[in-house]
Each structure stands twice: as C-alpha cells, then as structure tokens.
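Q: I have a model open and want a quick tour. Can we go through it piece by piece?
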Amino acid sequence: MALEVSHVVGGYSQIPVLKDISFDVKDGELVGLIGLNGAGKSTTINHVIGLLTPHKGKISLNGVTIDQDSQAYKQQIAYIPETPVLYQELTLREHLEMTMMAYDLDQEKAWVTAHKLLKTFRLDNKLDWFPANFSKGMKQKVMIVCAFLTQAKLFIIDEPFLGLDPLAVNDLLNLIEARKKTGASILMSTHVLDTAQRYCDRFVLLHDGQVKTEGTLSELQAALPEAGESLNDIYLSMTKVDRA
Amino acid sequence: MRELFKNRLQRHLREMAKYLRLVFNDFFVFALLFFMGGLGLGYSNILKSLKPGLWWAPVVALLVLVIVAQIGRFATLIEDADRVFLLPKERAMHDYFVAARRYSQFLAQCTQVITLFILASFLSVALHWTVAKILILAVAQIVLKDSLLRLDLASAYQVTGQRRMNQWGFKWLLAIIVIASGLWVTPYVALVLALVADGAVAVWFQQHWQKQQIRWREQIKLEDNRMLGIYRFFNLFTEVPMVSGTIKRRRYLDWLFTGIKPKHSQTYLYLFSRGMVRGTDFSGLVVRLTVIGMLLLYFVRGQWLPVFLAALFIYLIGFQLLPFFQQYDDVVFTHVYPVLPEFRLKSFVKLVTLILSTAALLLWVVVVIANRQLETAGITLLVEAVEVWYLARIYTPQRLARADKNKA
C-alpha cells in the first residue's frame with residue numbers, strides 16, 4: 001500500500017472542503033482522481049503533498065506520515081503541478097541540478113537520466129535558457145523532466161494533458177507506464193476522461209468534497225449499471241443525480 | 001479631455017503622496033540630512049579651493065546642465081486600456097496631451113531651477129559670472145527644457161520627421177549646442193538659440209498634429225516605463241505591488257557560484273545566490289545602499305561618525321535582506337522538496353553573512369581611504385565584524401523564526 005488517505009477532513013480555512021475522504025493508491029498502480037471544478041481534487045492533492053494539514057484524518061505514504069518524518073515522506077513524492085511553477089532566476093540546467101540536490105541524487109547518474117528525458121521532450125538544446133520564458137506546454141515538460149528525474153515512489157500529477165502537444169502526451173504516458181513497472185504509484189487528476197479511461201487502473205470519483213465512488217472501470221459500471229459504458233457516461237450520470 | 005487628465009492627475013498625486021509619506025520616514029530623512037550635509041560641505045570645500053579661469057570649469061557646467069536638461073520626462077498618465085476606450089476620441093486627445101505637458105513642465109522646470117540655483121555659486125566662483133548672466137542662462141535652460149518637452153509631445157504622433165527629431169541623439173545635440181554657446185560665447189546667444197528652437201518646434205508641430213495618428217503603443221509603453229521607474233524607487237523603501245522586478249541572466253557573474261558545491265545541504269544556497277544575483281530587486285537594493293554608504297563615508301571625517309555611519313548602513317542592508325527569505329514561498333516546490341527547513345535557514349544565513357561581509361569590507365576600505373587613521377580603521381573594523389556576526393547569525397534566524405510563527 002503506497003499511499004493511504006483515511007478519513008481526511010480538510011481545506012484552506014476552517015470551513016472544510018474535503019468531508020471525510022478515504023482512498024488508497026497501491027504500488028505500481030495508476031489512480032485517476034476525477035471530479036468537477038471545485039470538487040476537491042486540487043485540495044486533495046495539496047493535502048497529499050503536505051501543503052495543507054488535515055483537520056482530521058491521516059495521510060501516510062508507505063507507513064510514514066508527514067508529521068512523523070517530513071523528510072522521509074517528501075523524499076518519496078514527485079509532484080507535477082497543473083500550472084507550471086518555476087524559479088524565475090534559474091536556467092533549465094539549474095532547475096535540474098536543483099532537483100538533484102534537493103532529492104540528494106547522484107549527479108552523474110541523474111544527468112544520464114536527465115539527458116534522455118530532455119531528448120524525449122525536445123528540450124536538450126535549451127539547457128541554458130530561463131524556462132520562465134517558455135510557452136506553457138514547454139514549461140510543463142520541464143516539470144515532467146524534473147519529476148521523472150527523481151526516484152520517487154509516488155508521482156502526483158495534476159491535470160497533465162491540457163497544454164501538452166499530442167506527442168508529449170504520448171511520451172508522458174510511456175514514462176508513467178515504465179515507472180509503474182518499477183513499482184512506483186501515480187495519483188493523477190484529470191478532466192480528459194477518455195485518456196484516463198484507457199490508462200488508469202482505478203478511479204476515485206470526487207464530488208462535493210466526498211468520494212462518490214471508487215474502483216476499476218468494470219466495478220464502476222457494475223455499481224451504476226444504467227449509467228452507460230464509458231467513464232464519461234458514468235461521470236455525467238453521477239453529476240446529474242446530484243443536480244436533480 | 002482636460003477633465004480626464006485632471007481626474008487622473010488627482011488620483012496619481014494621491015497615490016504618490018501615499019508612497020512619499022512612506023519614503024520619507026524618520027530613518028530616511030535622517031540619512032538624507034546626513035547625506036545632504038556631507039555633500040554640501042564637500043561642495044563648499046571644493047568651491048573654496050577653486051581658482052577662476054580653470055579650463056575644465058565650463059565643461060563640468062556643460063555636463064551638468066545637459067544631463068539635467070534630459071531629466072523630467074513627459075508624464076502622460078496614459079493607461080493600457082486607453083487605446084481601446086479612447087481610440088474614438090483621438091482628435092480630442094490633443095487637449096489631454098497639452099494638459100499633460102503642462103504638468104510635466106512644472107515638474108521638470110523645478111528640477112532645472114534647483115540645479116541652476118546650486119550651480120550658480122560654482123559659475124560665479126569658477127567663471128566670474130555676474131548674477132545677470134547666470135539668470136539669463138537659467139532662462140535659456142528653462143526654454144530649452146520647454147522645447148525638449150515639446151518634442152516629447154510631438155513624438156506622441158506619427159509624424160515621420162518627428163520620430164527622427166525625437167531621438168535622444170537629437171535632444172542631446174540640441175541641449176549641447178544651446179548650453180555650450182551659453183558657456184563659451186555668452187548666455188544671450190544661448191537664450192536666443194533656445195527661443196528659436198522652441199518656437200520652431202512649436203510652429204511646426206502646430207501645423208502637423210491634426211493630420212497625424214497617435215502612437216498609442218509607444219506612448220503607453222513609455223508611460224509604463226516611467227511609472228515603473230517611480231515604483232521601483234518607492235520599492236526601495238516599501239512594498240509596491242506593481243513592481244515584481246526583472247531577471248537578468250548576468251552570465252559574467254556566474255563565477256560567483258563556483259564555490260557552491262552541489263550538495264544536498266546547500267540546495268537553497270544554490271537557489272538564493274542565483275536569485276540574489278540575477279533578480280534586480282534585492283541586488284539593486286544592496287548595491288545602491290552600499291554605493292550611497294561609500295559615497296557618504298568618503299566625505300565624512302571624524303573619530304566616531306564614520307564608525308556610526310558604517311554600522312548604520314550595514315544594519316540597513318541586513319534589515320532589507322530579510323524578506324528575501326520568503327521570496328520563493330510562492331513556488332510550490334519550496335514546500336515539496338525533501339529539504340529540511342534548517343538547511344534552508346542555514347543557507348540563508350550564509351548568504352546574508354556573505355553579502356554583509358562584502359558590503360562591510362567595501363565600507364571599511366572607504367573609511368580607511370578617507371580618514372587614514374589607524375584608530376578609526378581599527379574601531380570600524382571591529383564594530384563591523386561584531387555587527388555582521390550579530391545581524392547574520394543571531395538576529396536574522398530569530399526574526400525569521402518569529403515571522404514563521406506569526407504566519408502559522
């Protein structure tokens with residue numbers, strides 16, 4: 001069991017956005033976090049990466065919580081934010097080097113990985129540029145390269161498919177696949193449901209700060225038999241129930 | 001349209017007043033008085049030692065006057081949205097610009113008058129000028145500035161020839177010709193030349209502007225730059241939301257970082273050092289304060305005053321550096337990276353120590369040069385060393401810990 005979120009109540013202020021959320025991500029598993037705008041996806045992610053502290057409940061990663069040992073907890077996580085966040089004053093090379101330093105990676109080995117990743121995402125000739133001036137898609141690629149440079153056990157990817165070109169989406173999915181094989185877990189939030197349907201092992205459907213349903217696609221289909229075949233249909237019917 | 005400018009000007013002045021109140025806080029006024037006093041004393045000492053008939057005296061006067069003539073830009077208070085909302089009112093904008101020029105005129109001419117007032121004693125001592133001659137030169141300078149501002153106004157329109165005429169080369173050349181004729185021939189010639197130039201520009205512009213389009217984009221950019229300059233100045237003293245600072249690569253300074261080994265514990269020193277050097281906000285602040293301190297110390301003599309001033313400037317620099325610790329709090333990775341907060345604080349303390357030591361050393365060198373006294377030099381060095389150690393190692397961690405606690 002890589003990530004375990006149990007009975008988490010939390011949010012930005014005293015008013016909870018998340019109302020008693022529980023789910024888990026197992027080793028080598030890709031879990032899709034699905035929900036409408038404002039359903040609580042980003043809040044959930046912010047709790048997992050330690051930006052927010054839960055009011056109640058517990059989040060543990062391979063048995064460690066952030067309170068017990070923040071260093072060991074954070075060491076296991078690599079995060080790709082929805083909106084790329086960069087250090088304005090650092091070049092691409094320095095971003096990579098900084099990531100290596102922060103995760104205490106072996107520089108030589110890490111650079112081998114880095115060059116491979118840079119080549120894949122066609123950034124290898126931009127090492128001395130400021131990524132802050134890149135386009136949104138290219139910035140996102142920088143985030144991906146930095147994250148997959150680490151040996152993290154859990155990758156948290158917030159809406160990766162918007163802004164990336166189709167080639168990069170494909171490359172990212174391949175990277176995820178390869179990391180899954182080595183036993184890493186991935187928690188990914190997205191609105192691109194048909195891609196999610198094809199690649200995710202399991203889904204957590206969030207609605208209004210609660211876990212509406214969770215399970216594999218066939219489990220979801222069984223739970224909502226009249227909803228339809230695809231994840232898209234299930235998702236729409238789920239929100240419709242609520243609106244009525 | 002005139003109303004529009006009036007409204008904007010009122011809003012602008014209110015904003016400026018708000019910031020000026022913050023700028024002229026007790027501390028700054030104190031430092032400024034010292035600075036002015038030091039400069040004034042130095043100036044009067046120089047004047048006393050001058051003998052008339054020096055060949056370089058008119059050259060200095062020329063430089064000062066020509067440079068000051070360029071100070072005082074055309075303040076249009078134009079905003080980005082204007083090129084959409086005021087586009088239908090393009091012809092009527094002329095009244096707006098004229099009103100804007102009047103306001104700019106007032107500000108710029110104050111600068112000219114003050115400069116000439118200060119320069120007057122120099123002119124009378126070094127060149128033996130009479131009051132009448134100085135006054136004529138002052139009028140010439142004011143008329144010259146008027147014509148330069150007229151050119152700025154003309155550049156708001158797309159007149160082809162005007163673009164060339166408004167280039168800075170032309171403006172400098174005009175100023176040099178007018179002032180030089182005043183200094184080497186007679187101020188009367190300068191006055192006549194300035195009047196002719198001013199009149200020519202005025203007549204020519206009057207004939208042309210009605211057929212021309214406004215260069216919105218350029219004017220908006222110019223005004224933005226002007227405001228940014230003002231905000232940057234205020235930003236030295238207080239937080240200004242409009243200024244985010246710019247980043248410069250500064251490749252020639254990369255050697256500074258070679259000492260920082262890529263070790264896990266130095267992750268943030270790696271970031272902080274680059275951020276400090278390449279960001280213009282904090283590095284500019286440190287450089288400016290150090291340079292002002294050095295200038296001031298150069299003019300100050302005495303046993304205790306230099307020690308006190310050096311200590312004051314180190315304190316000012318150290319104090320202003322504190323917010324840099326939070327510079328990267330907005331970047332989520334600062335919280336996600338598996339780096340202990342202790343390492344981050346240690347890195348910051350190291351950076352502050354380095355910067356303050358460098359500044360202290362520079363200030364000390366100036367004190368030594370200015371005073372040439374073993375005792376003063378020794379005391380300054382001792383006081384500085386203790387202060388840097390206390391500010392960086394004790395005060396900074398304490399303050400940041402307290403700020404952290406307040407936030408949580």
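Q: How many residues of chain A are in contact with chain B, and how many of chain B?
A: 24 residues of chain A contact 22 residues of chain B. Contact means that the C-beta atoms, placed from the backbone, lie within 7 Å.

Q: What should I know about the model and its numbering?
A: This is a predicted model: local features need pLDDT of at least 70, side-chain atom pairs count only at pLDDT 80 or more, and totals for chains, interfaces and linings use all residues. Residues are numbered from 1 along each chain as its sequence is written, and chains are lettered from A and ligands numbered from 1 in the order in which they are written.

Q: Back to the interface. Which elements of chain A each supply at least two residues to the side that touches chain B?
A: Helix H2 (70-75), strand S6 (77-80) and helix H3 (92-102) of chain A. H3(A) gives the most, six residues. Helices (H or I, at least four residues) and strands (E, at least two) are DSSP runs, numbered from the N terminus.

Q: How does that side of chain A divide by class?
A: 14 nonpolar, five polar and five charged residues. Nonpolar covers Ala, Val, Leu, Ile, Met, Phe, Trp, Tyr, Cys and Pro; Asp, Glu, Lys and Arg are charged; the others, Gly among them, are polar.

Q: Switching to packing. How many residues are in the largest nonpolar core?
A: 108. Val145(A), Ala147(A), Leu154(A), Ile156(A), Leu187(A) and Leu356(B) have the most contacts inside it. Such a core is a set of buried Ala, Val, Leu, Ile, Met, Phe, Trp, Tyr and Cys residues joined through C-beta atoms within 7 Å. Buried means 20 or more other C-beta atoms within 10 Å of the residue's own, exposed means 12 or fewer, and partly exposed is in between.

Q: Which helix gives the most to this core?
A: Helix H15 (residues 341-371) of chain B, with 10 residues. Apart from this core lies another, of 44 residues, including Ala126(B) and Leu148(B).

Q: What does Ile156(A) touch?
A: Ile45(A), Val48(A), Ile49(A), Ile77(A), Tyr79(A) and Leu187(A). That leaves out residues up to four places away in sequence.

Q: What is the strand order in the open sheet of chain A?
A: S6-S7-S8-S3-S9-S10, six strands with mixed pairing. S6 and strand S10 (210-215) are the edges, each pairing on one side only. Pairing takes at least two DSSP bridges between two strands.

Q: How many bridges join S7 and S8 of chain A?
A: Five; strand S7 (residues 154-158) and strand S8 (residues 185-189) run parallel. Asp158(A) stands opposite Ser189(A) in S8(A).

Q: Which strands does helix H1 of chain A lie across?
A: H1 (residues 41-48) lies across strand S3 (30-34), S7, S8 and strand S9 (202-207) of chain A. The helix runs at about 150° to S7(A). Axes are lines fitted to C-alpha atoms, for helices over the stretch in contact, with angles from 0 to 180 degrees between N-to-C directions.

Q: Last topic, backbone. What is phi of Asn62(A)?
A: Near 50°, a positive value in a residue other than glycine. Asn62(A) is in the loop between strand S4 (56-61) and strand S5 (64-65) of chain A. Asn62(A) is partly exposed because 15 other C-beta atoms lie within 10 Å.

Q: And where does Asp208(A) lie?
A: In the loop between S9 and S10 of chain A. Phi of Asp208(A) is near 55°, also positive.

How values were computed. Contact = placed C-beta atoms within 7 Å.
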